[in-house]
Amino acid sequence: MKKNPFFTQEEWAIVRKDCREVWSARMVRVTLILVPLLLSVFLPALYLALALLLPEEETGMEELAGLLPPGMASLTGGQAMFYLIGQVVSPMFFLMIPLMASSVSAACSFVGERERGTIETLLLTPVPVRRIFRAKTAACVLISLLTGAVSFAAFAIVMAVGSALLHTPYFFNGNWAVLVFLLAPAVTLFGVTFMVLVSGRSKSSMEAMQTSGYLVLPLLLLFIGQLSGLFSLNVAAFLILSLLLWAADAALLAAASRWFTPERLLRP
């Protein structure tokens, strides 16, 4: 096998094959398009419109005043709403995108391979099973990262327009830097490895996708905790969450790699 610094040519062929198959699955393709559009464009734009319509003299933020940092006490109602959307609500929305993209991609790639009856052919290739696992995992991670990158670019444009119209500081800060470059990739890998382990008990990719809904619960708890004022996520909190999740990823990746054997894959 011809080597390169990352993958062999055979592994790259598997990555390309899985990317094509995931994208060709209509339900997965629609999910990868509509969910990011909803969370990164439509909802932020809707909240921006509401913030623009809110009268400047109307604060209406008494219930949420505790969520604002001390330096933001002078914000008008619309500015405060826009700040909370960018710093409290949208980070949770954004984390759902790589989690969703990685889980549905992995369900289509791993479970779908068995559904399509092509897993036997794949196992007969000269590529070792561990390398097949690595290539399929890389394909799902790549799809999720690309989905997250495009979503974040679209979200950043909406927030830039909002910042200009409402005369507020741009949303990107230390929290977002850690979230985008550390936490989101960790969430992506977690979604893939979780789905690999779940795939052994799923009879169809649809069943596996439904199981992935449980992964959203921790994000919902974080979202509710912030809005209720129980805690506030800052740079340190995002760093700790990232480190914990990367540690969990390492354990899950090792377990998924051990699980990925011909005996389990060919089991009816």
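His 167 is exposed, because its relative accessible area is 68% (exposed means over 50% relative accessible area, buried under 20% and partly exposed in between, with a 1.4 Å probe and protein chains only). His 167 lies in the loop between H5 and H6, and although it is not a glycine, it has a positive phi of about 60 degrees. Helices are DSSP runs of H or I with at least four residues and strands are runs of E with at least two, numbered from the N terminus.

The structure is a predicted model, in which local features need pLDDT of at least 70 and side-chain atom pairs count only at pLDDT 80 or more, while totals for chains, interfaces and linings use all residues. Residues are numbered from 1 along each chain as its sequence is written, and side-chain values use heavy atoms, with hydrogens and water left out.

Taken along the principal axes, the C-alpha atoms fill a box of roughly 70 × 35 × 30 Å. Of the 268 residues, 47% count as buried. Among contacts with a separation of 6 or more, 78% are made by residues 24 or more positions apart; contact here means heavy atoms within 4.5 Å.

Ser 163 counts as buried because its relative accessibility is 8%. Apart from neighbours within four places in sequence, Ser 163 is in contact with Phe 82, Thr 168, Pro 169, Tyr 170 and Phe 171. Thr 137 also has its place in helix H5. With a relative accessible area of 8%, Thr 137 is buried. When residues up to four places away in sequence are not counted, Thr 137 touches Phe 110, Leu 189 and Val 192.

How does H5 meet helix H2? Two packed helices are described by the angle between their axes and the distance between the axes. The axes of H2 (residues 26-53) and H5 come within 10 Å and cross at roughly 10 degrees; each axis is a line fitted to C-alpha atoms over the stretch in contact, and angles run from 0 to 180 degrees between N-to-C directions. H2 is therefore roughly parallel to H5, since angles under 35 degrees count as roughly parallel, over 145 as roughly antiparallel, 65 to 115 as roughly perpendicular and the rest as oblique. On the H2 side, the residues making the contact include Leu 32, Pro 36, Ser 40 and Leu 52, and on the H5 side they include Ile 143, Ser 151, Phe 155 and Leu 166. By class, this contact has 14 nonpolar, four polar and no charged residues (Ala, Val, Leu, Ile, Met, Phe, Trp, Tyr, Cys and Pro count as nonpolar, Asp, Glu, Lys and Arg as charged, and the others, Gly among them, as polar).

The structure holds 16 aromatic pairs; rings of Phe, Tyr and Trp (its six-membered ring) pair if their centres lie within 6.5 Å, and planes under 30 degrees apart count as stacked, over 60 as edge-to-face and the rest as tilted. The rings of Phe 110 and Phe 133 have centres 6.3 Å apart and planes at 55 degrees, so this pair is tilted. It links distant parts of the chain, with Phe 110 in helix H3 and Phe 133 in helix H5, 23 residues apart. Both Phe 110 and Phe 133 are buried. The rings of Phe 152 and Trp 176 form another tilted pair, because their centres are 5.9 Å apart and their planes lie at 45 degrees. Here Phe 152 belongs to helix H5 and Trp 176 to helix H6 (residues 174-199), 24 residues apart. Phe 152 counts as buried at 17% relative accessibility, and Trp 176 is buried at 0%.

Phe 94 lies in helix H3 (residues 77-115) and counts as buried at 7% relative accessibility. Beyond residues up to four places away in sequence, Phe 94 touches Gly 148, Phe 152, Trp 176, Leu 179, Val 180 and Ala 184. The C-alpha atoms of Phe 94 and Phe 155 are separated by 9.0 Å, although these residues are 61 residues apart along the chain.
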